[in-house]
Amino acid sequence: MTHLTTRDRGPRRLRRRDRNALLAVSLTALSLTASGCVVVHGEREVLPATTRAEAAKALEQFTDAYNKADQAYDSSLDADRTTGALADIDAARLKAGHVNSPGGNSGHSALEFDDVTYTIPKKAGWPRWFVADAHGNKGGDDRWLLVFTRDSLSEPFQVAYLTLVAPDDVPKFRTDKDGWAEAVPANSAELAVSPGSLSQDYVTYLKSGGQVFAAGAHTSGWRSDRRKSTKPGLATQYLDEALTGGDYAPLALRTTDGGALVFFTTRYYAKQTAAAGTSVPTPNQDVKALTKGEIKQSLTMEFVSNQVALDPAGTGKVSVLGRIQGLTSAEGS
């Protein structure tokens, strides 16, 4: 009898143990869901990129690191808070500052933000990203648009794009009932230009013109400025390149009219060549700090430029709203 009783209780005990284990797993999953921390199959699940509180913390951490780096002219102090175009521009700026002022930035003035709006897309896969639209204590009345991105939960959010845009030019974004925005795929065929093609189209436009982009300071105006840069005795040549891979990938948010606000990157080279018997004008100290070789008859400068543009739904012209560029290296000969 005892033997039979033990055999009867064994399976029931195992089944009870299995049920308890299943319940524990279910409760754990429920707890993770409630806290917004589920990462199982995160590459397939459509989820908000982050919480609004985490977005605010990311902006605070970026601003603190940026100010420390600027004050010390030390790019290592904000290297883990920048990536892509901004990392290239910022690191070169700090390098030049350090060369010219090894003791730090005596003219440092802390960057501060207020009146911040966070637009957080709900999407599947990595990178997860969001946009902070803020008023800064620098840049006049323009709005600062900062795009934060990361490739995994183990990484901090980093700013890949930073542009300044007139307040009236910032569009309204499409959101769902919970306030989450919509990311537009790079290969979207619903827009005048797919976000993934915008960098190359901009490069083509700067070289040859065309009908893709609306007239403006960063399109027709920039092409005009380039033509004027060649003067008697000094020729200036430009070579533009598209940057679309990795941390330079374009990022786009759906606007309420069905179009998109697109952030994208380009690189360009500007080569100044002096006529025989003359020399290239002496560049400023920051350019000198980033220049290799001796400047005699030519100076080739490399720039990284990040743009933000309104890309309409269907057909129409793309409007470039803002552009920030920075010298990243130079070579004299």
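Leaving aside residues up to four places away in sequence, Ser 188 touches Ser 194 and Pro 195 (contact means heavy atoms within 4.5 Å). The model is predicted: local features need pLDDT of at least 70, side-chain atom pairs count only at pLDDT 80 or more, and totals for chains, interfaces and linings use all residues. Residues are numbered from 1 along each chain as its sequence is written, and side-chain values use heavy atoms, with hydrogens and water left out.

**Chain**
- The chain has 6 helices and 12 strands; helices (H or I, at least four residues) and strands (E, at least two) are DSSP runs, numbered from the N terminus.
- Of its 333 residues, 42% count as buried, where buried means under 20% relative accessible area, exposed over 50% and partly exposed in between (1.4 Å probe, protein chains only).
- Among contacts in the chain with a separation of 6 or more, 67% are between residues 24 or more positions apart.

**Ser 188**
- Ser 188 lies in the loop between β6 (158–165) and α4 (198–208).
- Ser 188 counts as buried because its relative accessibility is 7%.
- The side chain of Ser 188 reaches the backbone nitrogen of Glu 190 at 3.3 Å.

**Sheet**
- Four strands form an open sheet in the order β2-β4-β5-β6, with antiparallel pairing; two strands pair if DSSP finds at least two bridges between them.
- β2 (113–119) and β6 are the edge strands, each pairing on one side only.
- From one strand to the next, the twist averages 25°.
- β2 and β4 (residues 128–136) run antiparallel and are joined by 5 bridges.
- Tyr 118 has Ala 132 in β4 as its bridge partner.
- Helix α2 (residues 52–72) packs on the sheet and touches β2, β4, β5 (143–150) and β6; the direction of α2 makes about 135° with that of β2. Axes are lines fitted to C-alpha atoms, for helices over the stretch in contact, and angles run from 0 to 180 degrees between N-to-C directions.

**Helix pair**
- α2 and α3 (residues 84–100) pack at an angle of about 30°, with their axes 10 Å apart.
- α2 is therefore roughly parallel to α3 (angles under 35 degrees count as roughly parallel, over 145 as roughly antiparallel, 65 to 115 as roughly perpendicular and the rest as oblique).
- Phe 62, Tyr 66, Ala 69 and Asp 70 of α2 make the contact with Leu 86, Asp 90, Arg 93 and Leu 94 of α3.

Definitions and conventions
Polar contact = N/O pair within 3.5 Å; in protein donor to acceptor, adjacent residues only side chain to side chain.
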